[in-house]
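Thank you for making the time this morning.

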Amino acid sequence: GYILTNDHVVDDAAKISVKLQNGEEYIAKVIGVDDQTDLAVLKIEAGKDLPSVKLGDSESTRVGDWVLAIGSPFGLAQTVTAGIISQTNRETPGGTVFQKFIQTDAAINRGNSGGPLVNMNGDVIGVNSQIATSTGDYNGIGFALPSNEVAYVYQQILANGKVRRGYLGVSLDSIKPEFGKVYEIPNLKGALVTSVTDKESRAAKAGLLANDVIIEFNGQPVEGHSDLISKVASTEPEKEVKLTYLREVNNKLERQTTTIKLGERPLNNRTSLAGDDAPKKLGQPQVTTEGKKLGLTVEDLTAELAKTNNLEGQKGVIIKDVDPASFIADVKNTNGRGLINEGDVIQRVNRIPVNDLKSFNEIVNKLKVGDAVVLHIVNDVRSSRSAQTRIVSFTIQ
C-alpha cells in the first residue's frame, strides 16, 4: 500500500484521496516527505495485495533511450506519452543539489507530477517532477527524478520517517580554473569553503575555516561542491570521515587533513553557495575610480563606510557599482546568483593585499585580457552579524 509521489502534490493537503485503476478509492496518510528531492511516501490500507511497479536502475539509462511518461494531465487519468532521454544528470534552476534529473521530451504537463517514467521493459526509472515551460504547460522538455535516488529516499523514509543525511555545516562553491592558475596548481579541483555557517557545527569543531579547499572525502577525490555535498549527504550522520583540504599558509596552499564526525542535515535546509542578494544602495562616495578592466566602480573603505556596513577593522576597497554590461556581471555561482555585488569589500587581488584605492589600482592596471584573477572579498553585512570572506575567480575578458 505504499505510494510514491511528489511532495508538491500533497503539500498542505487536508485530505489525500487515492483512486486505483479498478475504481476503488482510499484515504492515504503521509508516511514522510523529503523537500530536498520533492518526494513524498504515502500509504493506503486496502486489506489486500495491490499491484505494484518495479523500480529499475536509473544508472543504466542512456541518452537516446525511449521512455514513457504516465500520469493524469488535465485530469485525464492513465495518460501515456512517449519520448527519448536527452540528459541523465540535468540540473535545473532552483533545484537542489540532490535533484539531478533525467530529461526527456515525453510530454509532461500539470497532473503528470508524481507519475512514473518507465523504460521499454516497463521498469520505473524516474518520477516525473518538473517541466521547462514558458506557458505553464508542456513546451517539449520534462524532468524526472532518477529511480536510484527515489529508492534511497523511499527506504530512508520507511526506516526513519524522514531522510537522514550527513552534514558538515559549511557553505560551499566549486573551485574554478582561474584559482588553480593563480596558485600555480594546474587542474586543481575541489570544493571551496566560502563560510563556516555555524561556529558550533561539526566542521567548525574539526577546525575547518573559510577559504579551505576540500579535495578529498574519505580518500575519494572531490570534483566540486555538488560532488562533496552528495558524498557527505549519502554518509550516515554521526559517522567519522576523513577530509583532506588545502589551506593558505604564508601565501601558499598547504595540504592538511582532519577527521570529522558528521552531523545531521537540518530539515528544510537549502544548500547555500557563495554569492549575496543584491545589496542596498550606498551613500555618496568620497573617492571613486572606474575599474574599467573589471567593470567595477570602487572607493576607499573609510571609517564611516566601515561603521555603516559593520566592517570595522577591515581594510580594502568597497564596490560602489557593478556595470551590468560588463563580463564581471556574468560571474555567477551555480544557482545563477552574482558573486560580485555592490557593497562587497575587495581585500586581495591575486594574493596581493588591497589596503586602499591606490594599491587596488596598481594591481588592476597590470592585468590584461586573458589573465586569471582571484579576489578575496568580504561581503556586505549590514543585515548580518559578522563579516564573511569568500573567494571569487574569473578570467578577464
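Predicted model: local features only at pLDDT ≥ 70, side-chain atom pairs only at ≥ 80, totals over all residues.

Residues are numbered from 1 along each chain as its sequence is written, and side-chain values use heavy atoms, with hydrogens and water left out.

Let me begin with the largest pocket, which has a volume of about 1,700 Å³. On a 1 Å grid over the protein atoms alone, a pocket is an open set of points with protein on both sides within 12 Å along at least five of seven lines, a cavity is a set where a 1.4 Å probe fits but cannot get out, and lining residues have an atom within 4 Å of a point. The volume is the space filled by probe spheres set on the points, which are joined across faces, edges and corners.

Which residues lie nearest the centre of the largest pocket? They are I3, L4, V18, K19 and P116, out of 42 lining residues. Among the elements that give two or more residues to this lining are β1 (2-6), α1 (7-10) and β2 (16-19), where helices (H or I, at least four residues) and strands (E, at least two) are DSSP runs numbered from the N terminus. By class, the lining of this pocket has 22 nonpolar, 16 polar and 4 charged residues; Ala, Val, Leu, Ile, Met, Phe, Trp, Tyr, Cys and Pro count as nonpolar, Asp, Glu, Lys and Arg as charged, and the others, Gly among them, as polar.

Finally, the loops. D12, in the loop between α1 and β2, has a positive phi of about 65° although it is not a glycine, and D12 counts as exposed at 76% relative accessibility. Exposed means over 50% relative accessible area, buried under 20%, and partly exposed in between, with a 1.4 Å probe and protein chains only. Q78, in the loop between β5 and β6, likewise is not a glycine and has a positive phi of about 60°, and Q78 is exposed at 51%.
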